[in-house]
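Biologist: Could you take me through this fold, starting with the sheet and then moving on to the packing?
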Amino acid sequence: IRPGQTGLDVTLGYGGHTQEMLKCLQGEGHMYALDVDAVESARTRRRLADLGYGEEILTIRHLNFADIDQVASEAGPFDFVLADLGVSSMQIDNPDRGFSYKQEGPLDLRLDSQRGISAAERLKKISREELRGMLIENADEPYAEEISRAVISARKKGADISTTTQLRQIIENALASVKADDRKEAIKKSCQRTFQALRIDVNSEYEVLYEFLEKLPDALAKGGRVAILTFHSGEDRIVKKSFRQLQREGVYSEVADEVIRPSAEECLRNPRARSTKMRWAIRA
């Protein structure tokens, strides 16, 4: 990233990535950022403004990154684009959003709480077969059968599944037959995967990603670069397939041959980076 360039962070979140990219611009050029979470993006806007990054160099829009074409038509094409497909720390750490099984809160999991239905509402109507398929497709959950059966059984008995801890308890019950030595770790990982699968579903994250990848080349300037951070194999496969297909078609001149992972040192410093995979591409 060089001074004078125009960049886009399509997943603003807490603004850590945006801040680092703004530093590279050294006060020249412009940075754009998108986020579907109106509440958190307003807080990030204030935080970055307090650091000296005002509207003269930073424009924040309340948009889903699937709408990259809208901002590109106004401000593009972009010299660099970053997409971080993980949930922001602000959302994970806020129990009212329901992203973490570790804290009591409503089972919501929506990135934009004003749109769509919550995970709790989703679980009220889903069939066992559909839930099982969701857990496998969105999270590679090895106990998908046991968990889906337990959720539907609890629902039929009139159990309330409207909070994070209620769902966690059902998952714990579903894994009661796992060997005692392995049970604690199995429950932890199954909770992580189940919450992930539900989050992907209620936010239509795969559909959004496909739409973003389709529109992305037209948003990039010639020689423009994109980096995408994914957090599970399903997302990574979609990005990898898109990049390689578009390279074969001559849309991208180069793409990452191998996935890039965080170092052991970075994982120690930031444990949430552990499952991150990064791929990049350069517009022809």
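Modeller: What follows covers the sheet, its strand pairing and the nonpolar cores, all from a predicted model.

Biologist: What is the strand order in the sheet?
Modeller: The open sheet is built from seven strands, ordered β3-β2-β1-β4-β5-β7-β6, and its pairing is mixed.

Biologist: Which strands stand at the edges?
Modeller: Those are β3 (58–61) and β6; each has a single partner strand, so one side of each lacks a neighbour in the sheet.

Biologist: And by how many degrees are neighbouring strands turned against each other?
Modeller: On average, the angle between neighbouring strands of this sheet is 15 degrees, with direction ignored.

Biologist: Let us look at β1. Which strands does β1 pair with?
Modeller: β1 is parallel to β2 (residues 30–34), with four bridges between them. β1 also pairs in the parallel sense with β4 (residues 78–84), over three bridges.

Biologist: Which residues stand opposite Leu8 in those strands?
Modeller: In β2 the residue opposite Leu8 is Tyr32, and in β4 the bridge partner is Val81.

Biologist: Where do the side chains of β1 point, and are they buried or exposed?
Modeller: Within β1 (residues 6–9), Thr6 and Leu8 point one way while Gly7 and Asp9 point the other way; all are buried.

Biologist: What is the handedness of the unit with α1?
Modeller: Together with helix α1 (residues 16–25), β1 and β2 make a β-α-β unit that is right-handed.

Biologist: How many bridges join β4 to β5?
Modeller: There are six, and the two strands run parallel. Across this pairing, Phe80 stands opposite Arg225 in β5.

Biologist: Which strands does α11 touch?
Modeller: α11 packs on the sheet and touches β5, β6 and β7 (277–283), and its direction makes about 20 degrees with that of β7.

Biologist: Changing topic: how many residues are in the largest nonpolar core?
Modeller: That core has 34 residues, and Phe212, Leu216 and Phe243 have the most contacts inside it. Elements that each supply at least two of its residues include β2, α3 (68–75), β4, β5 (220–230) and α11 (233–248). The element that gives the most to this core is α10, with seven residues.

Biologist: What does Leu216 touch?
Modeller: Leaving out residues up to four places away in sequence, Leu216 touches Ile68, Val81, Val226, Phe243 and Tyr252.

Biologist: What lies apart from that core?
Modeller: Another core, of 31 residues, lies apart from it; among them are Ile126, Ile170, Leu175 and Val178.

Terms used. Residues numbered from 1 in each chain as written. Predicted model: local features only at pLDDT ≥ 70, side-chain atom pairs only at ≥ 80, totals over all residues. Heavy atoms only, no water. Buried < 20%, exposed > 50% of the residue type's maximum accessible area, 1.4 Å probe, protein only. Pairing = 2+ DSSP bridges. Right-handed = clockwise from strand over helix to strand, strands pointing away. Core = buried A, V, L, I, M, F, W, Y, C linked by side-chain atoms within 4.5 Å. Contact = heavy atoms within 4.5 Å. Axes fitted to C-alpha atoms, helices over the stretch in contact; angles between N-to-C directions.
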